[in-house]
Amino acid sequence: MTDIIRISAAAIITVLAAVGLRRQSPGISLLIAASGGVMILLFILPEFSTFITEVSELGAIAEIRPENIQILIKTAGICLAGKFTSEFCRDSGCSSLASKIELASRITIIVLSLPLYEEILSTALTLLSE
């Protein structure tokens, strides 16, 4: 609970500073916004390591192959990195670049997930042939 309060406070302070400086110094305003975003990411980084630990433990309990757990964790990381980067680009006025980053993230996730699709298809074909 206190983490979200710290994150919210950091976001509000960052927005107030960035908006206040936008007209006088757009470059510094952008740097403040980027710094605030990085600071928030650093606040939530421990939560991501908790996510990795929990997913790995659940995968072990469910007897899911470690390679599949790695795909899930990488996919979550790609989602977060892609979203953060595209929003930063959008805030900077580069919405076209933001769209390309989102597309690249999605394609990367699809390619990364191909082994899972192959495994699902193989399992389905095995079940259908029995």
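Six salt bridges are found in this structure, which is a predicted model. Arg65 takes part in a bridge with Glu67 and in another with Glu119, while Glu87 and Arg90 belong to a network of salt bridges with shared partners.

**Salt bridges around Arg65**

- Arg65 pairs with Glu67, and the closest N and O atoms of the two residues are 3.5 Å apart.
- Glu119 also forms a salt bridge with Arg65, with 3.1 Å between the closest N and O atoms.
- This pair of Glu119 and Arg65 links distant parts of the chain, 54 residues apart. Glu119 sits in helix H4 (residues 95-129), whereas Arg65 belongs to the loop between helix H2 (26-61) and helix H3 (66-91).
- How accessible are these residues? Arg65 has a relative accessibility of 43%, so Arg65 counts as partly exposed.
- Glu67 counts as partly exposed as well, because its relative accessibility is 43%.
- Glu119 has a relative accessibility of 30%, which means that Glu119 is partly exposed.

**Salt bridges around Glu87 and Arg90**

- Glu87 and Arg90 form a salt bridge whose closest N and O atoms lie 3.3 Å apart.
- Where do Glu87 and Arg90 lie? Both are in helix H3, and the three residues from one to the other make about one turn of the helix.
- Glu87 is partly exposed, because its relative accessibility is 28%.
- Arg90 has a relative accessible area of 31%, so Arg90 is partly exposed too.
- Through salt bridges that share partners, Glu87 and Arg90 are joined with Lys83 and Glu102 into one network.

**The largest pocket**

- If you want to find the largest pocket in the model, look for Thr14, Ala33, Ala34, Phe88 and Asp91, which lie nearest its centre among the 21 residues of its lining.
- Which elements give two or more residues to this lining? They are helix H1 (2-21), H2 and H3.
- H2 supplies the largest share of the lining, with 10 residues.
- By residue type, the lining of the largest pocket has 13 nonpolar, five polar and three charged residues.

Note on methods: Residues numbered from 1 in each chain as written. Predicted model: local features only at pLDDT ≥ 70, side-chain atom pairs only at ≥ 80, totals over all residues. Heavy atoms only, no water. Salt bridge = Lys/Arg side-chain N within 4 Å of Asp/Glu carboxyl O. Buried < 20%, exposed > 50% of the residue type's maximum accessible area, 1.4 Å probe, protein only. Helix = DSSP H or I, 4+ residues; strand = E, 2+ residues; numbered from the N terminus. 1 Å grid on protein atoms, 1.4 Å probe; cavity = no way out; pocket = protein on both sides within 12 Å on 5 of 7 lines; lining within 4 Å. Nonpolar A, V, L, I, M, F, W, Y, C, P; charged D, E, K, R; others polar.
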